[in-house]
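Biologist: Please take me through one part of this model slowly. I would like a close look at a strand, and then at what surrounds it.

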Amino acid sequence: MRPCMNDPANEHHQRRSTKAAAAYDPNYDPLTTPHPGHGREYAPTYWVATAGEPPADDGPVDSDLDVDVAIIGSGFTGLSAALFLAREHGIKATVLEANRAAWGCTSRNGGQAQNASGRLSRSQWIKQYGKEVALQLHAEITEGFDTFRELIKDVDCDAQHGGHLYIAHRDKAMRKLEAEVRVLDEVFGYKVELLDRAALSERYVNEAEAVGAMHEPDGIGVHPLKLAHGYLRQARELGATVHPASPVTGWHTHNGVHHLRTPGGTVRARAVGVATGGYTAQQLHPALRNRFYPVLSNSLVTRPMTADEMQASNFITNEIITDTRTLRFYYRKLPDDRVQIGSRSAIAGADATNPRHHKLLVDALHRKFPALTGIDVDYSWWGWVDVSHDMMPRVFRPDPNDSIYYALGYGGNGVMYSAQAGRRLAQWIAGKPEKTDLPIFCSQLPTHPLAPFRRLGQRLLYHWYYLQDEKF
């Protein structure tokens with residue numbers, strides 16, 4: 001039942017914090033910091049600058065609370081879980097956010113919704129799980145895209161429909177795309193189109209590095225923070241409460257009740273859903289420690305292109321684009337004719353401000369679109385991505401005797417699947433999980449085997465990936 005917003009009993013439900021936000025910390029690192037902060041300001045993203053006035057929230061936790069369900073994290077996953085808990089199960093969740101609503105990856109990503117989640121291709125699913133499981137995974141991810149498409153219909157999020165271009169940056173990459181197209185058609189019945197360089201340039205964009213491309217029909221570009229604002233409004237209209245500036249600084253469980261300590265009071269919850277993505281601190285809960293590794297991704301947005309610049313690049317398409325590098329670049333033309341491009345960044349938060357990471361994107365932009373050489377960059381930022389050790393996400397209950405659930409590990413493909421993951425997380429919490437035989441629902445995020453050395457390994461992997469992408 002929708003709450004009456006004029007009822008004095010709902011005064012708390014309408015309240016939002018007026019306290020000034022703490023300064024943004026550009027060097028935050030989830031492996032070295034106990035929690036993401038307390039009421040920190042957003043990163044200086046294009047999305048924050050153009051999202052408009054944020055919707056009302058419920059202000060920080062300011063007393064002890066007893067709740068049925070607490071969701072930790074107010075990004076896409078946490079907000080969609082709260083929304084689906086209310087809409088489909090009649091459960092009004094309490095969402096706890098360390099900083100401002102949608103502060104983490106949700107307000108820092110590239111806004112690219114693809115028919116994917118995790119880092120593996122369909123052909124890699126077959127190798128890892130076998131054909132039958134791969135077909136079920138495809139059905140789940142495709143259903144997720146339908147969930148996402150339905151969920152955004154009534155949200156003003158600057159949606160750019162059309163599809164996804166997967167651009168081959170080398171001849172060998174084009175051969176791999178050709179093989180993938182056959183697998184998608186013959187095994188999954190998913191109709192995609194292979195484009196040579198001439199067709200790509202004529203119909204979509206003249207990308208100077210491109211050898212060719214695969215075009216798939218499912219792909220939507222969104223303004224991620226406007227979308228999160230839409231999720232927030234809908235969740236609260238259905239009775240959920242969202243508390244920013246309420247980091248979980250301690251967690252213990254007694255007699256089946258989870259005591260989540262925040263600066264303003266302890267939230268006692270009978271069930272907890274964790275939706276903290278790449279911002280999950282190591283100290284949050286033992287069940288999550290070393291279950292994935294956080295990876296930084298950098299992003300920038302240019303000034304609007306002139307008509308001459310767009311013509312020189314034949315930038316016709318508004319579709320989302322990624323290239324075939326392992327350390328991939330993702331890019332697109334935004335509704336106001338700016339270009340957004342992103343890729344990997346620093347290994348550790350302490351190095352995030354190093355100018356060389358920004359230069360990596362600028363150089364890539366110039367290589368791909370020579371006509372944009374020297375174009376002004378109006379926005380630049382970075383954010384943490386949660387990558388699982390086996391490159392696949394999880395929505396899971398790690399202990400059948402404990403009412404803790406998590407949805408994590410999207411590997412940079414969470415804009416779309418986070419909606420479905422939120423729905424699946426809501427089902428778990430409500431005691432009605434579906435498709436529990438799929439590996440992303442019936443197994444934990446694997447523990448990193450050499451956790452103390454993960455960053456050394458990441459540095460070595462980045463070097464190897466660079467050699468594969470650019471030299472071999």
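Modeller: Start with the side chains of strand 13. Phe292, Pro294, Leu296, Asn298, Leu300 and Thr302 point one way, Tyr293, Val295, Ser297, Ser299 and Val301 point the other way, and all are buried. In a regular strand the side chains alternate between the two faces of the sheet. Buried means under 20% relative accessible area, exposed means over 50%, and partly exposed is in between, with a 1.4 Å probe and protein chains only. Helices (H or I, at least four residues) and strands (E, at least two) are DSSP runs, numbered from the N terminus.

This is a predicted model, where local features need pLDDT of at least 70, side-chain atom pairs count only at pLDDT 80 or more, and totals for chains, interfaces and linings use all residues. Residues are numbered from 1 along each chain as its sequence is written, and side-chain values use heavy atoms, with hydrogens and water left out.

Back to strand 13, which spans residues 292–302. Eleven of its eleven residues are buried, so the strand is mostly covered.

Now its partners. Two strands pair if DSSP finds at least two bridges between them. Strand 13 runs antiparallel to strand 17 (residues 377–388), and eleven bridges join them. Leu296 stands opposite Trp384 of strand 17. Strand 13 also pairs with strand 16 (residues 339–344), again in the antiparallel sense, over five bridges. There, Leu300 has Ile341 as its bridge partner.

A nonpolar core is a set of buried Ala, Val, Leu, Ile, Met, Phe, Trp, Tyr and Cys residues joined through side-chain atoms within 4.5 Å. In soluble globular proteins, nonpolar side chains tend to be buried together. The largest core here has 81 residues, and Ile71, Phe148, Leu227 and Tyr231 touch the most other members. Helix 11 gives the largest share of this core, nine residues. A second, separate core of 25 residues includes Leu300, along with Ala210, Ala364 and Phe369.

Contact means heavy atoms within 4.5 Å. Not counting residues up to four places away in sequence, Ile71 touches Gly78, Ala81, Leu85, Ala93, Thr94, Val95, Leu96, Gly273, Ala275 and Ile429.

Gly273 takes us to another strand. Gly273 stands opposite Tyr405 in strand 19. Strand 12 (residues 265–274) pairs with strand 19 in the parallel sense, over three bridges. Strand 18 (residues 394–396) pairs with strand 19 in the antiparallel sense, also over three bridges. Here Arg394 stands opposite Leu408. Strand 19 (residues 404–408) is largely enclosed by the rest of the structure, because five of its five residues are buried. Ile404, Tyr406 and Leu408 point one way, while Tyr405 and Ala407 point the other.

Next come the rings. Rings of Phe, Tyr and Trp (its six-membered ring) pair if their centres lie within 6.5 Å; planes under 30 degrees apart count as stacked, over 60 as edge-to-face and the rest as tilted. By this rule, the count is 15 aromatic pairs. One of them joins Tyr405 and Trp428: the pair is tilted, at 6.3 Å centre to centre and 40° between the planes. This pair links distant parts of the chain, with Tyr405 in strand 19 and Trp428 in helix 11 (residues 414–429), 23 residues apart. Both Tyr405 and Trp428 are buried. Ring pairs also link Tyr46, Trp47, Tyr379 and Trp381 into a cluster.

Finally, follow the chain from strand 12 towards strand 13. Tyr279 is in the loop between these two strands. Tyr279 has 6% relative accessibility, so this residue counts as buried. Leaving aside neighbours within four places in sequence, Tyr279 is in contact with Tyr28, Pro30, Pro36, Trp103, Gly104, Cys105, Arg108, Gly383 and Trp384.
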